[in-house]
Amino acid sequence: MAVDRSLALPGPLVGGDWLAERLGAPGLVVFDASVGAHREAAQRIAGARPFDLDGALSDHDAAAPHAMPGAAAFAGAMRELGVDDTSTVVAYDGAGVYSSARAWWMLRAMGFDRVAVLDGGLPAWRAAGLPVEESAAAYGGPRGSFTARPRAGLLVDAAAVAAALADPGAAVLDARTRERFAGTAPEPRPGLRGGHMPGAASLPFGELQDTGGLMRPAAELREAFEAVAGDRERLYFSCGSGVTACVLALGADLAGYDRLAVYDGSWSEWGVPSPDRPVATGA
């Protein structure tokens, strides 16, 4: 199948106008990657299909929630959702730029680059007066031909993060709130310690967005990362369950960084009591 040149993505982020002009074009797949309370909202961008991070698109046999499924399971899910190797994918979510970045990073980790995040998500789409359908995301069309081509190093484990914490050329950045990072606010998941990895730096994902929920300009993003990472170019991202860490990955990509990794287990794994994974508290 030939690739429609009009669907060439301008980068990892697209605006509502870009998507609205192409909505319904052959080869374009729009994913609703909402989680939690937004997951089954009865409103969607026209034709949006469910990228279900709370369902089939996480490995529920893993100890941590939202763990990346294996290549075969991921490819099977993408085919069921009608994704071809030549598709262009745009992911959004009902919270803004939140879990949609996780969908973007997972596809990248599986070797698929024709994917972008909708800036501001469904809230910005509605605020712009763009049309929605009064139905939940769904898909009942033909299977796709998606091929998984896993890339090493985009999603990493606790051992890789521990090594990064000891590496003066790397920075580990935590996307949770500053209160959770400091250990002064409780963790939403039971059984986890409060605090952060010794040597990690706090960069709440919301600080990469403006008051309207749009991603900040590239120059401002670069300043935000340099303020916590200095001149280090190798960046590792963590959060609660590997979801909003991907917002940091998106921001870093927009800011011009290209040596990026997301800790898949994130605090849901590191925060479990273990002598092998130390915890610090305070800012």
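Axes are lines fitted to C-alpha atoms, for helices over the stretch in contact, and angles run from 0 to 180 degrees between N-to-C directions. Helices (H or I, at least four residues) and strands (E, at least two) are DSSP runs, numbered from the N terminus.

Ground rules: this is a predicted model, where local features need pLDDT of at least 70 and side-chain atom pairs count only at pLDDT 80 or more, while totals for chains, interfaces and linings use all residues. Residues are numbered from 1 along each chain as its sequence is written, and side-chain values use heavy atoms, with hydrogens and water left out.

**Entry 1, sheet.** I looked up the strand order and got β6-β10-β9-β7-β8, an open sheet of five strands with parallel pairing. Strands pair here if DSSP finds at least two bridges between them. β6 (155-156) and β8 (201-202) are at the edges with a single partner strand each, so one side of each has no neighbour in the sheet. Further in, I checked β9 (residues 234-238) and β10 (residues 259-263): they run parallel and are joined by four bridges. F237 sits opposite V262 in β10.

What does helix α5 lie across? I find α5 (residues 158-165) across β6, β7 (170-174), β9 and β10, at about 120 degrees to β7.

I used a 1 Å grid over the protein atoms alone; a pocket is an open set of points where a 1.4 Å probe fits, with protein on both sides within 12 Å along at least five of seven lines, and lining residues have an atom within 4 Å of a point. Volume is the space filled by probe spheres set on the points, which are joined across faces, edges and corners. The largest pocket comes to about 280 Å³. Its lining has 19 residues, with Y98, R189, S241, V243 and T244 nearest the centre. The second largest pocket has about 240 Å³ and 17 lining residues, of which A25, G27, L28, V29 and R49 are nearest its centre. Strand β2 (residues 28-32) gives the most to that lining, three residues.

Most residues other than glycine have a negative phi. H66, in the loop between β3 (49-50) and α2 (71-80), has phi near 60 degrees. S266, in helix α9 (residues 266-270), has a positive phi of about 45 degrees. Buried or exposed? H66 is buried at 14% relative accessible area, and S266 is buried at 0%. (Buried is under 20%, exposed over 50%, partly exposed in between, with a 1.4 Å probe and protein chains only.)

Definitions and conventions. Contact = heavy atoms within 4.5 Å.
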